[in-house]
Amino acid sequence: MKNITRLCSSKPTVTVNGRYPGPTIYAREDDTLLIKVVNHVKYNVSIHWHGVRQVRTGWADGPAYITQCPIQPGQVYTYNYTLTGQRGTLWWHAHILWLRATVYGAIVILPKRGVPYPFPKPDHEKVIVLGIVLSHV
Ligand SMILES: [Cu+2]
């Protein structure tokens, strides 16, 4: 939980590592990710890797009550999956009703080392994550 100020009002907000939006994950195609989620809040949590093609790791997809039990307060869960044959910028988000409003971030999947982008190399890259501001809730 962290007090987050948006539109001149502060409120306790569920974040990832105190960050809102949460941290950007950088990886390369074919990397295996081990992402340890420790639930320090009093709500159930799970994280969905939006757009990531789970190849034989459907259990790591993240939707609570669908592919896994939610991570309960005080519990730990390690997502373990491989980014097989995919590149690009996707996002991850909580897969528990309202938590998805504040618990999200980007996941950047770079080409394999030594493999160029399928377009001219950009001069600069910036990750943009669109979100909403919760006010008067
Ligand atoms: Cu999603």
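Is Arg87 buried, partly exposed or exposed, and at what relative accessibility? Select Arg87 first: at 44% relative accessibility it counts as partly exposed. Here buried means under 20% relative accessible area, exposed over 50%, and partly exposed in between, with a 1.4 Å probe and protein chains only.

This is a predicted model, in which local features need pLDDT of at least 70, side-chain atom pairs count only at pLDDT 80 or more, and totals for chains, interfaces and linings use all residues. Residues are numbered from 1 along each chain as its sequence is written, and side-chain values use heavy atoms, with hydrogens and water left out.

**Whole chain**

Display the protein chain as a cartoon. It has 0 helices and 8 strands; these are DSSP runs numbered from the N terminus, with helices being H or I of at least four residues and strands E of at least two. The C-alpha atoms fill a box of roughly 45 × 35 × 20 Å along the principal axes. Of the 137 residues, 38% are buried.

Now colour residues 2-112. UniProt lists this span as "domain: Plastocyanin-like" in an unreviewed entry; the positions are given in the numbering used here, feature names are shortened, and annotations may be inferred rather than shown by experiment.

**Salt bridges**

The term stands for a side-chain nitrogen of Lys or Arg within 4 Å of a carboxyl oxygen of Asp or Glu. Glu29 is buried, with a relative accessible area of 13%.

Select Asp30 and Lys112 next. Their side chains meet in a salt bridge at 3.1 Å, N to O. This pair also links distant parts of the chain, from the loop between β3 and β4 to the segment after β8 (104-110), 82 residues apart. Asp30 is partly exposed at 36%, and Lys112 is partly exposed at 36%. The structure holds 2 salt bridges.

Stay on Asp30 and check its backbone. Its phi is near 75 degrees, a positive value in a residue other than glycine.

**Copper site**

Centre on the copper ion. Which atoms coordinate the copper ion? They are ND1 of His50 and NE2 of His93, at 1.7 to 1.9 Å. Donors are N, O and S atoms within 2.8 Å of the metal (3.2 Å for Na, K and Ca); water is not among the atoms, so sites may look incomplete. His50 lies in β5 (residues 47-50) and His93 in β7, so the pair ties together parts that are 43 residues apart in sequence. His50 is partly exposed, with a relative accessible area of 35%, whereas His93 is buried at 4%.

**Sheet**

Show β3, β8, β7 and β5. These 4 strands form an open sheet in the order β3-β8-β7-β5, with mixed pairing. Two strands pair if DSSP finds at least two bridges between them. The edge strands are β3 and β5, each pairing on one side only.

Zoom in on β3 and β8, which run parallel and are joined by 4 bridges. Ile25 stands opposite Ile107 in β8, and Arg28 has Leu110 as its bridge partner there. The covered face of β3 holds Ile25 and Ala27, the uncovered one Tyr26 and Arg28.

**Core**

Select Leu33, Ile35, Ile47, Trp49, Tyr79 and Tyr81. Within the largest nonpolar core, of 24 residues, these touch the most other members. Such a core is a set of buried Ala, Val, Leu, Ile, Met, Phe, Trp, Tyr and Cys residues joined through side-chain atoms within 4.5 Å. β3, β4, β5, β6, β7 and β8 each give two or more residues to this core, and β4 gives the most, with 3.

**Backbone stops**

Go to Tyr20 and Pro21, which are joined by a cis peptide bond with omega about -5 degrees. Pro21 lies in the loop between β2 (9-13) and β3.

End at Leu7, in the loop between β1 (2-6) and β2. Its phi is near 50 degrees, again a positive value in a residue other than glycine. Leu7 is exposed, with a relative accessible area of 65%. Most residues other than glycine have a negative phi, and most peptide bonds are trans.
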